[in-house]
Structure formats: C-alpha cells, structure tokens
Amino acid sequence: MTVRHEIKSQLAKLLATEDLIVEHKKVETACFNVHSRVLTLPMWEKASGMVYDMLVGHEVGHALYTPDINWIKDRRINPQIVNVVEDARIEKLMKRRYAGISKSFYRGYKELSDQDFFDIGDDDLNSYNLADKINLYYKIGSFEVVPFAEEEVELVKKVGDCETFEEVLDVSEMIQKFCEQEQKQEQNQEIQPQGQSEETEEQTEEVENDNQSAPSQQQDSEDTQDEEETGSEENDDNVEVKTMEALEDALKDLVDNQGLENVYVEIPNMNLSKVVVSNAEVHGKCSEVWDEYEKSDAFDVIDTQYLEFKKSAQKEVNYLVKEFECKKAADSYARATTSRTGVLDCSKLHTYKYSEDLFRKVTTLADGKNHGLVFILDWSASMNNVLIDTLKQLYNLMWFCKKVSIPFDVYAFTSDYPLLNHNEYGGSYVRERSYTPQDGLISIPEWFSLMNIFTSKTSSSELEKQMKNVFRVAYSHRYWVMYPSPIGWNLSGTPLNETLISLYKILPEFKRKNKLQKVQCVILTDGEAAPLKYHREFFRRNAIEPFIGVNSLGSNCFLRNRKTGTSRSLGDQWYEMTDVLLEDLRTTFPDMNFIGIRIIESRDAKAFIRRYCGVFNDDYDKAELSWRKDKSFTIKKSGYHSYFALSANSLSQDTEFEVKEDATKMQIKSAFVKSLRTKKMNKKILGEFVELVA
C-alpha cells in the first residue's frame, strides 16, 4: 500500500500541536532537529500503517519533550544509554498526553517483536547487559519476558519514574556505571585461571608484593590509578546496547530508497509592484492607438453590440441584486437580538393576568458584512472563441457590484505585456524579477504580468469607457477586426498558476485597503495551466560558488506552507498544480471563497466532467444530466469552493423571446424553450453564486 506522506506529516503536526516542518526524505533513520524544528522522516514504504504511526509518534515525542541542549559537553555518558532512557520517558509522556496513541505503540511494537526487529532470537536474556534489558522491557516487555536481577530492579524503576531530561541523564549515568562494573567482573572471571581458588590467588599476590620494594609499590599504584582513569575515559562508549543497534538496522530495511528524492518547494514572497500593471497604464495603451479612431465610425458596430448587451443584461443584474439583498437581510435577522426597553406596552396591559410580557421590545439588527470581490480574467490565446462570452459574465458581476456598492478589482493575466517599461524621467528599463531566487522557491518568470483592467475606484464614466475598450479588444481577437491592437493586449500563454501565487499578496492587501470583512475571489478561465518550475542550487565543475538554476516539478515534489504548516503533493498530472495552489489558498485564507467560472463549448463538457468526477458514478451522471437539461453544472471536487461550467453556445444566444410574424407553432415553441433554458441556466448559476458571496 502506498503511504500518503502528507497525511503522515499532518499526523505529526497534530500530535506535536505545532507547525513542525516535516520532511520525508531518503534517509535511513528518523531524526528531529530540536533547534530548527525540522522533523525528518524516512520513507518507510515497507512499514505497516500501525508501525508507521508508532514511529511517527515516537519522533514527535522527541519534538515535544527532548530539550535543545548539548549535554555531551558536561556529562560523559554513552549516548546509546541516554537514548534508551529518553525513549522510555518520551513514550510514557506521549501515552499520558494522547490516550489513543497507546494502541499504536502497543500494536507497532508487537509487530516489531513478532518480526524479531531486536534480533534476540532464542537468546538467553539473562546474558544481556542492563541497558539492553531496559531497552527491551520498555519497548516489547508486553511480549517478551525480560528477567532482571534483584540489584537491577531499582534502576529499572528509576527509568520508569523519569519525568525530566535531567533525570534521564542522572539515571543513564547510574546505568552506565552499573554496566561497566558488570563488564569488569565478567572480564576478571575470564582472566582467572580455571581451578584456581580465590585464597590461592590472594597468597600469590602477597608473595609478589613482598618481593617488591616500597618505591616499586608506589610506582605500581600510580600506574594502576592512571590506567583506571584512562580506562574510565575509554569505557564511556564500551558499553554496547546491541538491541538498539539491531532495531536501527532493521528499521533501515523498511525504508524505500529507490526512485526520486522528495523535494519541498515554497511560495516566493513577490513584490506586486514588479508584476501588476496599473489601471491607468493599461488603458493608456488603448488611448495611444485608438484616439484617432474615436472620431470615425470604426467602432460603431462593436459599440452598438456592447450597448445592446448592457441593456439586455439588466434583468440578470437586477436578479443578482435582489437575491443578494435577500440573503444579506436573512443573515442580518438571523443575528438579530431582541431586548426589553423598560417601557410598558399599553396594548398588552389587558393580558397582565396570564402574561408577564408587558414591556415594549426593541430588535437590534447586526451590521451587515463589508464585501469585496477580486476577479481574475484569463487573457490567453485558448480563450479566443469564448472570450466575449466570458467577458459578458464578468460584466454582469461588475454591474452587480456597482449597484450594491461592493468594491472590486479585475486583473487579466498575460505573458505578453512588454518587459520594457518607462520611468518618470522618460528613460526605459527592463522589469526586474519580483522576488530574489533561492533554492527551493517556485520560479515565477519575469514575463508574467497582471493587468489591472478594471477597478471600482474609477468613476462611473471612466469605467464605462474602459469596459468598452476591453469589449473592443475581445471582439477584435474573436473576429479578426482590422484595426491596431494596443500594446500588451495580445492574447498570450496561460500564467494561471503564477496568478494564483500572486493572490497570496493581492487578497490580504485588497482586504486591508478597503477595510473589508469578507472577500471573494472569482476566476474566469478556460482551464488549468502547465506546472511551474522551482529554483535549485547547482554546482559547476571548478566553480567556487553555486548558481541558482531551475528544475521541473514532478510527482516527488511537495508544496510546503510554513504559515499553515501544511505540505501538499503536487501530483503526477500536469494540471494538478492549479488545484493544489487553490487548496493551499483556501487553507491560508479560510474566510475567503474561491469561485471558478468556466465557459466551455459542448464538445469539451464531458471531458471536463470526467477530469473531476471520474466515470461510471453518481457524480458523473448528475453533472451530465445537468449539462443536458440546463447547459451548466457545478463541480465541488476541484480546488475551488465551486467551479461553475456554462455553455458558450447558450450564453451567446439571445435570451429574449422573439419570433417572426409568420412563424409556425413549432418555431414559436422552439424559441420559447431556448429562452427559458438560457434564463434557467443563468438564474441557477447566479443563485449559487450569490449563496457563496452573500
């Protein structure tokens, strides 16, 4: 079974009750850096789920309870013995803190015991030293009978009583001295000749001493003392805890070191001034090339279509406003409070015998929330056939915002805006990168731009002019109208993922500047974008310093968010990065809604449904039925809170019920059905939209 590493990372963070940095790497043993708070876990692909949870819980115990101190300088104790005692302490504290984790430790160690991870086989455990027996007792003592001598029992109890790390060091020192003394006794027994009695040995020593002079005795005594001191220094690491080593070696066999190493990438801290093209500059490009055309009839046909659309759209806009106000009023009354005024209500005096409610009441309505909307418009070449219909949906929502006084900003993403800009002194410069490249940061190309094509801060007359400008540009791209296109307005690639990364700065800044309580982000696009790359340090031969290059993101890459403490796999499909970024945005801004609106043609509908719903299931059947009946459906399983799909063909049809004078009954019926279908589709989608933003 494939291990979901990001889920195990979440387990570690939940247990630690802090946003640890959890990394799954191709390392042989787990470790926790108590200083940097980085928990590195091996990729235990061959471990069962219970063993995995036990190992994670053990390492989190170190994260919670092992202090960040360098005790080795002050205490000369074998680190293996300290590990044995500290393991017992932290696991005891973890079980005390989380009652449910006892089962994970019990089952995990049972599995390790059954598979002989401690390499004890049929050994007589009486032959093991005290450190080994303590290690076995506190890990698999429920499954193996570990014998202790009478003089060992007290130290075993002291291990179980350890509450602080200082106590761990004290007890470890006692265990080390006990093991060293035990080891010396065994060595003396091996050196003693067989059959020689202790009395004979003492007599031999006395004879030898008598044959030596006093100065020699003194010298031998000094030499012996030096040897003991030297031996004491060398014996610090001579006590071997072989069960600890056996467990570490066995756990290494659970690690899968095949394949690619995991890579953890992060969002760069972008400087928006290097990315966003201001509203004034964007529309200044239009004025530069179109002022002379304004005097002619070049735009008459296009402008007429725009005005006709604006007139026909007012019904939908008014419907949006009505629904929005109803939702707001319902929310306000739901949070209303009623209190007595202390003034008698004379109309109720006659009820004094059976009612105590004789005072006038006042109902206080809670203030409505301040709303704001940020729109993202796809300005890529693939939008060519649906750009006008998408723009119409955007305009409906903008007119709605104007009517209910909701502040908004609209950005169009592009990779075609010129890199060469002009400064206030008339000179020119090439736009700088919006952040400093570093190893592990997602790479944002310099050519990425966000054009602030609309904003509620402009006057109504200026906004009307700008909306005409953009409608003209969209019309010219769709129908190849022969007049010059403003610089920077050409359709380009699809830097959608770059835009989503920009939202980490745009959304909180928009909320702060407009003093809003509730912000919604609406993205109008025709699909997902290709994955980005990430910066990586490379070392060249004969080079002193490494250089920062870029590398492709793949299935071994994870998006890490230090603020939320989450890590998300970027998946192995090219389009998955978009949903991963959206999910991360939703975690980062839990009070914001992210809404997708996609205008699609009929031939693309089923493929779009299959991508998010799969096939041969209820979700697919419901979406397909909705598409056949209403020419629209809503996806709930993408990175968006709601992803609306609308038929481009239906939107382009006239919603008014008009027929020719000589129309037949069938023609009248057909026109009526088309009108109802389009209105039904719009009301259904607009109703769901209002539900999210109200």
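In this predicted model, Ile600 has Ser647 of strand 20 as its bridge partner. Strand 20 also receives Ile599, which stands opposite Leu646. Strand 18 (residues 593-600) is joined to strand 20 by 6 bridges, and the two run parallel.

**Strand 20 and its sheet**

On the side of strand 19 (residues 632-635), the pairing with strand 20 is antiparallel and consists of 4 bridges. Within this pairing, Ile635 has Tyr643 as its bridge partner in strand 20. Strands 19 and 20 form a hairpin, with 6 residues between them.

| Partner of strand 20 | Direction | Bridges |
|---|---|---|
| Strand 18 (residues 593-600) | parallel | 6 bridges |
| Strand 19 (residues 632-635) | antiparallel | 4 bridges |

These strands belong to an open sheet of 8 strands with mixed pairing, in the order 5-12-9-8-13-18-20-19. Its edges are strand 5 (276-277) and strand 19, each of which pairs on one side only.

Strand 20 (residues 642-647) is mostly covered, with 6 of its 6 residues buried. In a regular strand, side chains alternate between the two faces of the sheet. In strand 20, Ser642, Phe644 and Leu646 lie on one side and Tyr643, Ala645 and Ser647 on the other; all of them are buried, so that both faces are covered.

**Helix 16**

Helix 16 (residues 576-588) comprises 13 residues and spans 19 Å from its first C-alpha to its last, close to the 18 Å expected at 1.5 Å a residue. Its buried residues are Met577, Thr578, Asp579, Val580, Leu581, Leu582, Asp584 and Leu585. The packing partners of these buried residues include strand 18, the strand that runs parallel to strand 20. Helix 15 (496-513) and helix 17 (602-613) are also among the elements packed against, as are strand 13 (518-524), strand 16 (557-561) and strand 17 (566-569).

**The largest pocket**

The largest pocket holds about 720 Å³ of space. Its lining has 32 residues, of which Ala30, His58, Glu59, His62 and Asp87 are the closest to the centre. By class, the lining is made up of 20 nonpolar, 5 polar and 7 charged residues. Strand 2 (31-33), helix 2 (49-65), helix 3 (79-97), helix 4 (101-114) and helix 10 (242-252) each contribute at least two residues to the lining of this pocket. Helix 3 gives the most, with 6 residues.

Technical notes:
Residues numbered from 1 in each chain as written. Predicted model: local features only at pLDDT ≥ 70, side-chain atom pairs only at ≥ 80, totals over all residues. Heavy atoms only, no water. Buried < 20%, exposed > 50% of the residue type's maximum accessible area, 1.4 Å probe, protein only. Pairing = 2+ DSSP bridges. 1 Å grid on protein atoms, 1.4 Å probe; cavity = no way out; pocket = protein on both sides within 12 Å on 5 of 7 lines; lining within 4 Å. Points joined across faces, edges and corners; volume = space filled by probe spheres on them. Nonpolar A, V, L, I, M, F, W, Y, C, P; charged D, E, K, R; others polar. Expected span 1.5 Å × (residues − 1). Contact = heavy atoms within 4.5 Å.
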